[in-house]
Amino acid sequence: MSEINNEIISPENLVYKKPELMNDVPMHYCPGCSHGVVHKLIAEVIEEMGMEDKTIGVSPVGCAVFAYRYLDIDWSEAAHGRAPAVATGIKRLWPDRLVFTYQGDGDLACIGTGETIHALNRGENITIIFINNAIYGMTGGQMAPTTLVGQKTSTCPYGREPALHGYPLKITELAAQLEGTCYVTRQSVETVAAIRNAKKAIRKAFEASMAGKGSSLVEIVSTCNSGWKLSPVEANKWMQEHMFKFYPKGDLKDTTV
């Protein structure tokens, strides 16, 4: 039996509840942000794997800097972009731990490109959760390495121009080419079906890291309705119409089987 809102709910009637690993605190993310959904999926997967006491997350600078407030697991903070390096040290010291990083596109694909590529190439038994919303959400909506051609941001108000700003970086495609990666995938969380696929991907990545099969990268194509200056509904629609064309969803590499 479970108690929700002071009402006793029998197991056969309980269809949904907050994951036990999620702390009961207000989130700082903007309404409509994808981060909260991904947090929930990570919590559910850890619980289902029975790894509550053996999981260590690494969060660096960015919108996810306060991830430790929401998931009741061990956490380590990392300097901007350095989460894969920190995760490498943790996993090598405690190989029986489930170690993952939680990073945005500015952190992972810009200042942390070197740490990301080399950790993946070494085949460190960690999982990198990569939130790609094509913008710097925390610091004011500046252009990110993943900003689409033509997309407007506070630092490219007329749209990204390849001749001036270069092309968007497909970090997940790069990761799939590295010898050290065993599972590389791109998912999203804007619909129920997408959420289910994302959860399966996170579970597969975590299991692969615990089995010592190498590095995994799970990209979640996400929205930043605040940075994009759109409502949550409009942001999801814009993502579907524009982001998925350049960042197509699906598994890019899977050597776990």
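**View 1. Asp 72 sits in the loop that runs between strand E3 (55-59) and strand E4 (74-77).** Welcome to this predicted model. With a relative accessibility of 48%, Asp 72 counts as partly exposed. On the surface, Asp 72 gathers with Glu 52, Asp 53 and Asp 74 in a patch of negative charge.

**View 2. Arg 92 and Glu 124 meet through their side chains in a salt bridge, 2.5 Å from N to O.** Arg 92 belongs to helix H2 (residues 83-93), while Glu 124 lies in the loop between helix H4 (113-122) and strand E6 (127-132), so this pair ties together parts that are 32 residues apart in sequence. Arg 92 is exposed at 58% relative accessibility, whereas Glu 124 is buried at 6%. Look for Arg 122 too: its side chain meets that of Glu 124 in a salt bridge of 2.6 Å, N to O. Arg 122 is partly exposed, at 47%.

**View 3. Salt bridges that share partners join Lys 40, Glu 44, Glu 48, Lys 199, Arg 203 and Glu 207 into one network.** A search of the whole structure finds 14 salt bridges.

View 4. A disulfide is a covalent bond between the sulfur atoms of two cysteines. For Cys 156, the closest cysteine sulfur is in Cys 110, and at 13 Å it is too far for a bond. For Cys 224, the closest is in Cys 63, at 6.2 Å, again too far for a bond. Cys 156 is buried, with a relative accessible area of 3%, and Cys 224 counts as buried at 11%.

Note on methods. Residues numbered from 1 in each chain as written. Predicted model: local features only at pLDDT ≥ 70, side-chain atom pairs only at ≥ 80, totals over all residues. Heavy atoms only, no water. Patch = residues over 30% accessible without salt bridge, like charges linked within 9 Å, V, L, I, M, F, W, Y side chains within 5 Å. Areas by Shrake-Rupley, 256 points an atom, 1.4 Å probe, with all protein chains shown as cover. Salt bridge = Lys/Arg side-chain N within 4 Å of Asp/Glu carboxyl O. Lys, Arg positive; Asp, Glu negative; His and termini not counted. Charge placed at Lys NZ, Arg CZ, Asp CG, Glu CD. Helix = DSSP H or I, 4+ residues; strand = E, 2+ residues; numbered from the N terminus. Buried < 20%, exposed > 50% of the residue type's maximum accessible area, 1.4 Å probe, protein only. Disulfide = S-S within 2.5 Å.
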